[in-house]
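Biologist: I have a structure to go through with you. Can we take the domains and then the salt bridges?

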Amino acid sequence: MKETNGESGNLVKRILLLPGDGIGPEVVDAARRVLQVAVDCTDRGLEFEEGLIGGAALERTGEPLPADTRVALDRVDAVLLGAVGSPRWDQAPVDKRPEKGLLELRATLGTFANLRPVRTYRPLLVASSLKPQVVDGVDIVVVRELTSDLYFGKPKERRGEPPNRSAVDTMYYHESEVERIARVAFELARERRKQVTSVDKANVLCASQLWREVVTEVAQEYPDVTLRHMLVDTAAMQLVRDPRQFDVLLTANMFGDILSDEAAILTGSIGMLPSASIGGRVGLYEPVHGSAPDLAGKDQANPLGTILSAAMMCRLSLGWPDIAEAIELAVADALNAGYHTPDLPGSPAFQVGTREMADVVIDYLERRLFANPTKRRSDRVSGKRQDLVQWEAG
Ligand code: IPM
Ligand code: MG
């Protein structure tokens, strides 16, 4: 599945970095450094631009998605976002919260399809709350509709004063919105194990009944793909009972928000999970984890979700599948060698911080991209990464 038909070669691509809040700046910086090394090692070019979003933007401009950031969207090929959200704005009304910036960004770009791949890595299996034999080999992509449903349906408001306060959000879907996200799921399933599980609550909700009807109609065009409908409560249960039964999990916005966090933790750490939001003007790439304010500025956050999001960006928006694959393999190399951030299991001797984890990935990436390892920058090889030093020497 491709978001654009970008050509590889000498083209210079432009990326808008939106670090946002909490650990966002640290993990985005890690991914930026990985991308920079990837283009330095190949014949590609990248230019980075940085913008404000979320609480960081509210502080500086009073808006969660300021005009300068909106304007920058027209100049770039893709957007890489860290995280939004900060306890500082907990009491703020919904449209002055950091999260509003992200929702507006998705709506402005029109990125209606959110892809969240959930894959387990062997060295991390012990950290899963499920038995290793249940999660080993899990390979799911959650395809979540991102620009409609309860998040955007109108009316959406609070009404009245105490003791008569009430509030309403509207679960709304137009059939065209269901149809286009269903197509994304079926196309993706064709490149995978050819199974789509569509999640709804059609036994209760009108919007879900329409969802089920339209998904069934679209399925007629994909006779090679098996479609199953599953109620959302059953899906939540099956995800922890037997997650390997799922290939592509197609969901509406609200159910997808919930199920993708549940699916994410199967891998052992939500810090591992990347995402891509596509189908709009340009693709938006972000890790699934939030802003984790308690970890901010401590060099402890896991940058791998953001680095893997950057890999998805290379594949889906930049037309660089080779770099995407090299980054993904370098992440697996780092984990297989035992390196881990504090959220991941492993020996204390191999525990590294955010920056060093990125350095390790960069070292493995250079190994994969360079035929001649002497071109690697040995100044990054320090501290615990003795295996790399030995590898370089030998
Ligand atoms: C996500 C997040 C967002 C969402 C929040 C931050 C608005 O939870 O991307 O899953 O609900 O979509
Ligand atoms: Mg969420």
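Modeller: What follows covers the domains, their interface and some salt bridges.

Modeller: This is a predicted model, in which local features need pLDDT of at least 70 and side-chain atom pairs count only at pLDDT 80 or more, while totals for chains, interfaces and linings use all residues. Residues are numbered from 1 along each chain as its sequence is written, chains are lettered from A and ligands numbered from 1 in the order in which they are written, and side-chain values use heavy atoms, with hydrogens and water left out.

Biologist: How is the protein chain divided into domains?

Modeller: Domain 1 takes 1–116 + 269–394 and domain 2 takes 129–267; the bounds come from an automatic or database domain assignment. Their centres, taken over C-alpha atoms, lie 26 Å apart.

Biologist: How many residues are in contact between domain 1 and domain 2?

Modeller: 17 residues of domain 1 touch 21 residues of domain 2, where contact means heavy atoms within 4.5 Å.

Biologist: And what area do the two domains bury between them?

Modeller: About 1700 Å², with 66% of it on carbon and sulfur atoms. Buried area here is the accessible area (1.4 Å probe) that two parts lose on being put together, summed over both.

Biologist: Which elements of domain 1 give two or more residues to that side?

Modeller: They are α4 (98–109) and β4 (113–119). Helices (H or I, at least four residues) and strands (E, at least two) are DSSP runs, numbered from the N terminus. The largest share, four residues, comes from β4.

Biologist: Changing topic, what does R32 pair with?

Modeller: R32 forms a salt bridge with D29, with the closest N and O atoms 2.6 Å apart. The two are three residues apart in helix α1 (residues 24–40), so about one helical turn separates them.

Biologist: Is R32 buried, exposed or in between, and what is its relative accessible area?

Modeller: R32 is partly exposed at 26%, and D29 is partly exposed at 24%. Buried means under 20% relative accessible area, exposed over 50%, and partly exposed in between (1.4 Å probe, protein chains only).

Biologist: Which residue does K156 meet in a salt bridge?

Modeller: D169, at 2.7 Å, N to O. K156 is in strand β6 (residues 153–159) and D169 in strand β7 (residues 166–170), 13 residues apart.

Methods:
A salt bridge is a side-chain nitrogen of Lys or Arg within 4 Å of a carboxyl oxygen of Asp or Glu.
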